[in-house]
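I am opening my notebook on a new chain today.

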Amino acid sequence: MKLAQFSALFFLLLLLPSLSYAIEATNHEFFMDCDNNDNYHVGKSDVDLLEFPLNLEYLEAEFFLWAAFGRGLDSFSPDLAAGGPPPIGAKIAKLSPLIKDVIAQFGFQEVGHLRAIKKTVAGFPRPLLNLSAESFGTIMNDAFGHTLEPPFNPYANDINFLLASYVVPYVGLTGYVGANPKLQSPTAKKLAAGLLGVESGQDAVLRTLLYQRAIEKVEPYGIPVAEFTSRISKLRNKLGHRGLKDEGLIVKPKEGAEGKIKGNVLAGDKHSLAYDRTPEEILRIVYGTGKENKPGGFFPKGGDGRIAKSHLGKIKKSEG
């Protein structure tokens, strides 16, 4: 080997440890960047599916925070509200210490959900929400097929608030179940699984608290709690237009777990697996109109995000 070749080889060998260290450091920095920017691994279809549930997370966060504290995101986390309009009619509820504590926990959990989603995708500001007693009263009237007198007030007491809460988290839960198989990236799947876990827990807590009171009469209507849950579930099935995906606290034994029991503290299909819903089904339910392109209910001006807006665009074209 010539002297010049030997010198070059020797010099290269000396450099190898430094090059290896530099490559390792670069890789570490790259993957750290990916960890700090979760949307690096999230494709467009995943972005749409992760942004959509922000509509429900905003709804739940405001409803629970206002009920427990008499104030919402603008007070606790204005950065997450991002300048969106304040909710209509939200107010503090007359709750016992135990229920207030549970609902306060739910409220802060929803703040965490909003933060987690908006850390992963760009998201959007809080949409206009109608959390007024009248909004919930309309749902109950629709559920029973006639006007309740006096009008149902979700903020009046424990029972009323728990029944009003029964309306909300379960819809989001079914949405995460429906989105899960459509997600592509590990980042999106992990986030959805984490959100689903806590939303399912919230629904289980609410259903358990109501199940303990299943035969109690909701005053002044004289209607059992279990009947309220059955009516609300039937209404959601009707609005969703996709068959049975919702069940009250007490069902016919053949509809219970393994077709052998009428108690139904957790809703599930014939194999006791969670039901799924598409974004379109969810919009039909939370709008209260049975149509994904006709806003109303909790969202007077409709939801936000590409999926919700795509349906709002259809109604605008048809009106034009």
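First, a term I need: a residue is buried when its relative accessible area is under 20%, and exposed when that area is over 50%. I also note that this is a predicted model.

**Entry 1: overview.** I looked up the chain as a whole. It has 320 residues, and 48% of them are buried. I found 13 helices and two strands. The chain exposes about 15,900 Å², with carbon and sulfur atoms supplying 60% of that area. I also checked contacts with a separation of 6 or more. Residues 24 or more positions apart account for 72% of these.

**Entry 2: aromatic pairs.** I looked for aromatic pairs and got 14. I picked out Phe-64 and Phe-106, which pair edge-to-face. Their centres are 5.5 Å apart, with 65° between the planes. Where do Phe-64 and Phe-106 lie in the chain? Phe-64 is in helix H3 (residues 54-69), and Phe-106 is in helix H6 (residues 97-120). They are 42 residues apart, so I note a pair that links distant parts of the chain.

Is Phe-106 buried or exposed? Its relative accessibility is 5%, so Phe-106 counts as buried. Phe-64 counts as buried too, because its value is 0%.

Next I took Tyr-221 and Phe-228. This pair is tilted, at 6.3 Å centre to centre and 50° between the planes. Both residues are buried.

**Entry 3: the cores.** Nonpolar side chains tend to be buried together in soluble globular proteins. I looked for such groups here. The largest nonpolar core has 77 residues. Those with the most contacts inside it are Ile-103, Phe-161, Leu-163, Phe-228 and Phe-298. H3 gives the largest share of this core, 10 residues.

Among the residues it touches are Phe-63, Phe-64, Ile-103 and Tyr-155. There is also a second, separate core of five residues, including Tyr-170, Val-177, Ala-267 and Tyr-275.

**Entry 4: the surface.** Last, I looked at the outside. Tyr-211, Ile-250, Val-265 and Leu-266 make a nonpolar surface patch of about 320 Å². Leu-266 lies in the loop between helix H11 (225-240) and helix H12 (279-287). Why does Leu-266 count as exposed? Its relative accessibility is 52%, and the cut-off for exposed is over 50%.

Terms used
Residues numbered from 1 in each chain as written. Predicted model: local features only at pLDDT ≥ 70, side-chain atom pairs only at ≥ 80, totals over all residues. Heavy atoms only, no water. Patch = residues over 30% accessible without salt bridge, like charges linked within 9 Å, V, L, I, M, F, W, Y side chains within 5 Å. Areas by Shrake-Rupley, 256 points an atom, 1.4 Å probe, with all protein chains shown as cover. Salt bridge = Lys/Arg side-chain N within 4 Å of Asp/Glu carboxyl O. Helix = DSSP H or I, 4+ residues; strand = E, 2+ residues; numbered from the N terminus. Buried < 20%, exposed > 50% of the residue type's maximum accessible area, 1.4 Å probe, protein only. Phe/Tyr/Trp six-rings, centres within 6.5 Å; stacked < 30°, edge-to-face > 60°. Contact = heavy atoms within 4.5 Å. Core = buried A, V, L, I, M, F, W, Y, C linked by side-chain atoms within 4.5 Å. Lists of a residue's contacts leave out its neighbours within four places in sequence.
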